[in-house]
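Have the sequence and the structure open as you read.

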Amino acid sequence: MNDTKNRKVGLALGGGVVLGAAHVGVIRAVEEAGIKVSFLGGTSAGALVAALYAFGMPWKEMRELLCGLNWLDISKVSLSRFGVLSMSRLEELLEEHLGEAQFQEADIPLAIIATDISSGEKVVLKQGPVAKAVMASSCVPGVFTPVELDGRLLVDGGMLENVPVSALREMGAEFIIGVDLNARQNFSRPDNIIELLINAVNLTLQNATGLQTGQADLLIEPDLSRFSVTDTSQINELVEEGYQSAREQLQNALDDG
């Protein structure tokens, strides 16, 4: 891996609801290792962090932003027949910090993955409004109402590619670092319908993601088994766990050459 500084590196950030905070720690470790990221890909929670990083937000600022969030900050009750919550507040939050950002304005080329729930197709979003794309990629089916974009009804991209390795390869990445937050995830008894639906989706993702991440050149799999996917009080711990895990794996990869 010592030659990565001369190669175009792609960083693929997978979904994981609140566990997505661990990506912030991974970004810190990548920067400390002196690795320049040439392409970014994100799905669901990974799409949020990838978007913030693509537009230049430092990891410390990302950590502070995520620490101040709860479910009410990113969602509101929906009257839609397609979901119990709406992601409209997430869109507002992103526009507050990034403005009405368009993909082509990003400091680092960015791809966000969503699923067309009408056709079953994977949708790779690389143009248009970034906030809308992140909102679409994060819509867990049944929990959040789908996002209509360019005539498509979009939901969580993790349904088809939770760690967006293939999108980065198509963009020209020569070395891809994938981050899978669900690889070691334990499941617990849900307390409400939101947690039940999230568990159901994550079980599906866990079984499918292994086939996708096998295409990554380096796979980072933080052990997040002790964390809840919905408890936002754990953000600092998740960031630290992501950092320690990524730092160790990056160092081992560098030592192995």
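## Starting from H23

Leaving aside residues up to four places away in sequence, H23 touches L13, G14, G46, V49, V179 and L181, a contact being heavy atoms within 4.5 Å. This is a predicted model, where local features need pLDDT of at least 70 and side-chain atom pairs count only at pLDDT 80 or more, while totals for chains, interfaces and linings use all residues. Residues are numbered from 1 along each chain as its sequence is written, and side-chain values use heavy atoms, with hydrogens and water left out.

H23 sits in helix α1 (residues 22-32); helices (H or I, at least four residues) and strands (E, at least two) are DSSP runs, numbered from the N terminus. Its relative accessibility is 0%, so H23 counts as buried. Buried here means under 20% relative accessible area, exposed over 50%, and partly exposed in between (1.4 Å probe, protein chains only).

## The chain as a whole

The chain has nine helices and eleven strands, and 55% of its 257 residues are buried. Take the contacts between residues at least 6 apart in sequence: 75% of them join residues at least 24 apart.

## Strands and the helix between them

Strand β1 (residues 9-13) pairs with β2 in the parallel sense over five bridges; pairing requires that DSSP finds at least two bridges between the strands. L13, one of the contacts of H23, has G42 in β2 as its bridge partner. On β5, G42 stands opposite I112, and β2 and β5 run parallel, joined by four bridges. Strand β2 (residues 37-43) is mostly covered, with seven of its seven residues buried.

I113 stands opposite V124 in β6. Four residues lie between these two strands, and G120 takes a positive phi near 80°.

## The cores

A nonpolar core is a set of buried Ala, Val, Leu, Ile, Met, Phe, Trp, Tyr and Cys residues joined through side-chain atoms within 4.5 Å. The largest one has 75 residues, and M62, L110, L125, V134 and I177 touch the most other members. Helix α2 (residues 45-54) gives this core its largest share, eight residues. Another core, of twelve residues, lies apart from it and includes A12, V163, V165 and L168.

As for α2, ten of its ten residues are buried. Just after α2, G56 takes a positive phi of about 90°. M62 touches V49 and L52, among others, not counting residues up to four places away in sequence.

## Salt bridges

Searching the whole structure turns up seven salt bridges, each a side-chain nitrogen of Lys or Arg within 4 Å of a carboxyl oxygen of Asp or Glu. Here are some of them.

| Pair | N to O distance |
|---|---|
| R28 and E32 | 3.0 Å |
| E91 and K132 | 3.4 Å |
| R226 and E241 | 3.4 Å |

R226 is in the loop between β11 (218-220) and α9 (235-255) and E241 is in helix α9, so this pair ties together parts that are 15 residues apart in sequence. With a relative accessible area of 55%, R226 is exposed.

R28 and E32 both lie in helix α1, four residues apart, about one turn of the helix. E32 counts as partly exposed because its relative accessibility is 49%.
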